[in-house]
Amino acid sequence: MRTLSLLPLLLALPAAANAADAPDPARLKTTVEKLVSFGTRHTLSSPTDPKRGIGAARAWAADELDKIGEACGCLQVQRIGRTFTGPRAPDGVEVIDVLGIQHGRNPNRVVIVGAHIDSRVSDAMDATSDAPGANDDGSGVALVLEAARILSKEKFDATIVYAIFSGEEQGLWGGQLLAETARERGWEVSAMLNNDIVGNTMGQNGVRVADRVRVFSEGIRASEDLKEQLARRGNGGEDDGPSRMLAKTIDGIAAAIPGGLDVFVDRRPDRFGRGGDHEPFLKLGYPAVRFSVGAENWTQQHQDLRTEGGIVYGDTVDKMDFPYLAKVTAINVAAIRRFASAPGTPAGVTISGALSYDTQVKWQPVAGATGYRIRWRRTDAPGWTGSRDVEGTSATIANVIVDDHLFAVSALGANGAESVPALAGPEPRPR
């Protein structure tokens, strides 16, 4: 084991976007207004009408990605689709996702940023009434397109997938389609960032919350079997699963953005009793989180356009806060830049040291890593308090007792970019 100097790594960190590449509130607003102009984007609306419905909206979004790709020569637009049937589509419906794929030096390791393009009103089966879907989820689609415009100007180690889902309101089908496609293609998903309802600051209670964005993440993994859950319980890692670690890392990234937003790490997979397109990724074991506003207004979600009891219902553009949406976009862009620049997250991270005041940490080598960062904290601490940068794939941390501390390891690239850390667990027992 050899300790690394921090200075060269810090000097080599990927450059942040300059002011000209910052997310543009006016451009975000223009995108949302265009999406609203399609009248309804209900999943069961017309797939072929050139001006109204889900088909026209998807075609426009694909064209926007095509334009970005033409400008950079780096973006491939794909459409993937499958027929889904369920209570909200009893006769079946073809769900199509529009993807912009920015190939990195490693085509199989991917970072996904996504949002759903479909909208709805009060009746989930109403495919004809106007359903503006400005905030839910025109805001997320605008964010994805803005991220593509900014990041397409750069080159990365990992491949970035800009995903525009359909079928969310009918059953999270667009997320399921891409998650299963990722598995079929053998993608190594470093992070999936789902952005759903990210553009308002006025809550239903009349209180404005413009200083934070919620990032939801699971602790115990949906994909873990009972044996794996018991192992996590025995290790004390309930708050450090891959998705929770992803959310915490995003929190740290956001804290470094001047004038940005605080990330509220919400320790649930999603809002209470609700769901989003990141959940199919969780079921397949991929690290995924959901971004959503700090204060929701339910009179502006899934509502027929009307005025009732003095309340104006409907998900319309005038209810949104575009400077706030730009700040949420900036966090996504910074996170994607970091994760796509860094090597993958280490696997096989283990600790040992029972009956000792020293802790031994081991892990498997990561392709492209020039070093590793070992982190630790006391088991009663919320965040990491100690770290050491090393070469090799093992190290001994002296006088840090394994009984009272949690450990994790991240990979460092030659440019100084750091992966999401992986929690260390006990070494497998010989059979």
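1. In this predicted model, strand β6 (residues 188-195) and β9 run parallel and are joined by four bridges, with Asn-194 standing opposite Arg-290 in β9. Strand β7 (residues 212-216) is likewise linked to β9 by four bridges, although here the two strands run antiparallel, and Val-215 stands opposite Phe-291 in β9.

2. Strand β9 itself covers residues 288-293, and because six of its six residues are buried, this strand is largely enclosed by the rest of the structure.

3. The structure holds 31 salt bridges, one of which brings together the side chains of Lys-67 and Asp-63 at 3.6 Å, N to O. These two residues lie four apart in helix α3 (residues 54-72), so about one helical turn separates them; Lys-67 is partly exposed at 45% relative accessibility, and Asp-63 is also partly exposed, with a relative accessible area of 35%.

4. Arg-212 forms a salt bridge with Asp-211, in which the closest N and O atoms are 3.5 Å apart. Arg-212 is partly exposed, its relative accessible area being 28%, and Asp-211 is partly exposed as well, at 47%.

5. Between Arg-244 and Asp-239 there is a salt bridge whose closest N and O atoms are 2.6 Å apart. Arg-244 is buried, with a relative accessible area of 4%, whereas Asp-239, at 23% relative accessibility, counts as partly exposed.

6. Elsewhere, salt bridges that share partners join Asp-196, Arg-214, Asp-270, Arg-271, Arg-274, Arg-290 and Glu-296 into one network. Among these residues, Arg-290 is the β9 residue that stands opposite Asn-194.

Technical notes
Residues are numbered from 1 along each chain as its sequence is written. This is a predicted model: local features need pLDDT of at least 70, side-chain atom pairs count only at pLDDT 80 or more; totals for chains, interfaces and linings use all residues. Side-chain values use heavy atoms; hydrogens and water are left out. Buried means under 20% relative accessible area, exposed over 50%, partly exposed in between (1.4 Å probe, protein chains only). Two strands pair if DSSP finds at least two bridges between them. A salt bridge is a side-chain nitrogen of Lys or Arg within 4 Å of a carboxyl oxygen of Asp or Glu.
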